[in-house]
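Dear colleague,

Please find the structure below, handed over for your records.

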Amino acid sequence: MKSAKNGRDGRTRIVEGALRRFSQDGVSATTLASLREESGVSVGSFYHHFASKEHVFGVLYADTLRMYQEAFLAELRRHEGAREGIEAIVALHMAWCGENRERAHLLISERPPKRDEPGGTEVSDSRRAFFKQVSEWWRPHMKNGLLQPVHPTMCYVLWLGPANEMCRLWFAGAHHPTQEEITGLCEAAWQSLRQQPA
């Protein structure tokens, strides 16, 4: 009989193995057999912890999103100024993606689980709470005429869309971003989101 420790280790090995496989091959191309082979667990051990490949992905995606959102909000709250906050988040995004490449690849490249899929409820609830907290930081700057009133989806695209594209090139081995380029991405985000003078 497995101990509680071994049970946790088995789950951890499955999640870590799935992260490697999903990052390298993509979720759709990853098979259950390759997940078990990567993590070194038996069929019985796998199904003791997860019901399916999709279940592993949902858990992994929700956990990764939580990690990213916590880092994002912690950095955002460090900055009272509108421009400083906008630019700091772009720099944080690039640094976090560089330090967590496999997890970042998952967030950038894979479709998040839908609400009725494994992990979907957690992802949906997490996003709702996250956008609420970002809005609380944003609102005073908007009222002061510094930041535009922007829908959350459009806000995300303008704020981090170019940075995500740079990360895709980076992860594909096509280009390694320089500090000058990251500074340029920070400036571009600010210019996209600030209120323009009348």
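**Contact between the two domains**

Domain 1 and domain 2 share 3 residue pairs in polar contact, with both residues at pLDDT 80 or more. A polar contact is a pair of N or O atoms within 3.5 Å; within protein, one must be able to donate a hydrogen and the other to accept it, and residues adjacent in sequence count only if both atoms are side-chain atoms. By contrast, 0 salt bridges are found across this interface (a side-chain nitrogen of Lys or Arg within 4 Å of a carboxyl oxygen of Asp or Glu).

This is a predicted model, in which local features need pLDDT of at least 70, side-chain atom pairs count only at pLDDT 80 or more, and totals for chains, interfaces and linings use all residues. Residues are numbered from 1 along each chain as its sequence is written, and side-chain values use heavy atoms, without hydrogens and water.

The protein chain is divided into domain 1 (1-50) and domain 2 (53-192), with bounds from an automatic or database domain assignment. Contact (heavy atoms within 4.5 Å) involves 17 residues from domain 1 and 11 residues from domain 2.

Between them, the domains bury about 1300 Å², 73% of it on carbon and sulfur atoms; buried area is the accessible area (1.4 Å probe) that two parts lose on being put together, summed over both. In domain 1, the most area is lost to domain 2 by Leu 19, Phe 22 and Val 27, together 41% of what that side buries.

Yours sincerely
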